Amino acid sequence: MADAEIDYAAVFQALPGMVALLTPELVYADVNEEFVRMSGRSREQLVGNYLFDVFPDNPDDPAASGMRNLAASLHRVLATGERDTMAVQRYDVQSLEQPGRWEERYWSPINAPVPGPDGETALLVHRVEEVTEFIRDRGGPVGTRARALEAELYIRARELQEVNERLRQAHAREREVALALQEAMLPAPRRVRDHRAAVRYRPAVGALNVCGDWYDLVDRIGGDRVGVAVGDVVGHGLAAACVMGQLRSALSAASRVAEGPAQAMDVLGRYAHVVPGAESATAVTTFIDFDARTITYSSAGHLPPALVHADGEVEFLDGATDPPLDASPDPVPRPQASTVFDAGATLVLYTDGLVERRREDIETGLERLAESLARHRYADPEAMADAVLLELLPPEGTTDDTALIIVRL
């Protein structure tokens, strides 16, 4: 049958369920017969009148929110041009026979846009199903009307399931990108020259498998030295990961030509100043000289590395701490300090997800870390890393990312 032979006005009036057409000003442009019948209003009381003049909120109920929720949904449709499915709403209706008496009613609305020739929303389709009977009867025998409403709610649930499936697929694609970034930007070396090393990386609960925490090991910087660093970019997900990758690469390159960690951090600070998203990022880098048995370090607002001596003493390297990267409008020279170590010592760098907990002083977390490191000081770096994470991270995970790197000196 050709479109010209279809009486769409008659189709609209015969549509099952309550359907109304609203102007962008939320004035009734038309309503179908079922809307007139179920609403208890005549066509003249509806068409040409403002929606919330016809159906105001119950003034006797201070918690009434039906009008506000419906208005928010309709304005969302106008703003986005997309359909909006609302949860079941309580929206009381005033009795026409007894003015001043309000009847408790429940509705399940869907609002959708009708675009005009210019692509802008010209009308709003307001489809609503009354579910008062279902709400009242859900604890008892289910009648024919409730059966129909159950079917309607099932359809809505299936629509939501389809939306969730699309979101799941989008999340899966983003996760694939995240995993590729993690593999490319966070290598997992097992040795630093002739010394064993272990790295661990744990994203925050609910985050993709990539985040703003990073680590790096640079072999043979300036002769017999190696560089070990960690850093933390504010935020999670792909945006933070991209900033993380830029900062890690910049520090890695700077470390290969810098005279010491302070100079490398100077370069990183200047670079962070022109990288959007690097604000308040922290980092710490250490240069290990195995021949002189010294560690030289510099920190930009980061938690201090831990040096676990062979006798079990844990020394936190906090002698060269400065504000985070890009904290000052004009980069200033960074400090550095040095300490010595004996054979068999262990250097541990980490990010705040390992030790910080809400409503807990940071010193408590550092003490917990020191105790765990001392207890496992004889373990291989791989086993030591696993044991520390097991003891310090809660089984349910944390709300912050965690990077950990352990080097046996």
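Which residues form a nonpolar patch on the surface? In this predicted model, the patch consists of Tyr8, Val11 and Leu15, which together have about 260 Å² of accessible area. Patches are made of residues with over 30% relative accessible area and no salt bridge, like charges being joined within 9 Å and nonpolar side chains (Val, Leu, Ile, Met, Phe, Trp, Tyr) within 5 Å. A salt bridge, in turn, is a side-chain nitrogen of Lys or Arg within 4 Å of a carboxyl oxygen of Asp or Glu. Leu15 is located in the loop between helix H1 (8–14) and strand E1 (18–22). With a relative accessible area of 32%, Leu15 is partly exposed; buried denotes under 20% relative accessible area, exposed over 50%, and partly exposed the range in between (1.4 Å probe, protein chains only).

Residues are numbered from 1 along each chain as its sequence is written. Because the model is predicted, local features need pLDDT of at least 70 and side-chain atom pairs count only at pLDDT 80 or more, while totals for chains, interfaces and linings use all residues; side-chain values use heavy atoms, with hydrogens and water left out.

The protein contains 11 helices and 20 strands, where helices (H or I, at least four residues) and strands (E, at least two) are DSSP runs numbered from the N terminus. Of its 409 residues, 46% count as buried. The protein exposes about 20,500 Å², of which carbon and sulfur atoms supply 52%; accessible areas come from the Shrake-Rupley method with a 1.4 Å probe, and for residues only the protein chains shown count as cover. Among contacts with a separation of 6 or more, 60% are accounted for by residues 24 or more positions apart, a contact being defined by heavy atoms within 4.5 Å.

Strand E20 (residues 402–408) is largely enclosed by the rest of the structure, because 7 of its 7 residues are buried. Burial extends to both faces of E20: Thr402, Leu404, Ile406 and Arg408 are buried on one side, and Ala403, Ile405 and Val407 on the other. Two strands are taken to pair if DSSP finds at least two bridges between them. Strand E10 (residues 195–202) runs antiparallel to E20 and is joined to E20 by 6 bridges, with Arg202 having Thr402 as its bridge partner. Strand E19 (residues 346–350) also pairs with E20 in the antiparallel sense, over 5 bridges; here Leu347 stands opposite Val407.

In a regular strand the side chains alternate between the two faces of the sheet. E14 and E18 run antiparallel and are joined by 4 bridges, and Ala337 in E18 is the bridge partner of Tyr297.

A search of the whole structure finds 3 aromatic pairs. The rings of Phe290 and Phe341 have their centres 6.5 Å apart and their planes at 80°, so this pair is edge-to-face. Rings of Phe, Tyr and Trp (its six-membered ring) pair if their centres lie within 6.5 Å; planes under 30 degrees apart count as stacked, over 60 as edge-to-face and the rest as tilted. Phe290 lies in the loop between E13 and E14 and Phe341 in the loop between strand E18 (337–340) and E19, so the pair ties together parts that are 51 residues apart in sequence. The C-alpha atoms of Phe290 and Phe341 are separated by 9.2 Å. Phe290 and Phe341 are both buried, Phe290 with a relative accessible area of 11%.

Ser73, in helix H5 (residues 66–80), is likewise buried, with a relative accessible area of 0%. When residues up to four places away in sequence are not counted, Ser73 touches Asp84, Met86 and Asn111.

Most residues other than glycine have a negative phi, and most peptide bonds are trans. Leu26, a residue other than glycine, has a positive phi near 65°. Leu26 lies in the loop between E1 and strand E2 (28–31) and counts as buried at 2% relative accessibility. A positive phi, near 60°, also occurs at Arg359, in the loop between E19 and helix H10 (362–375). At 83% relative accessibility, Arg359 counts as exposed.
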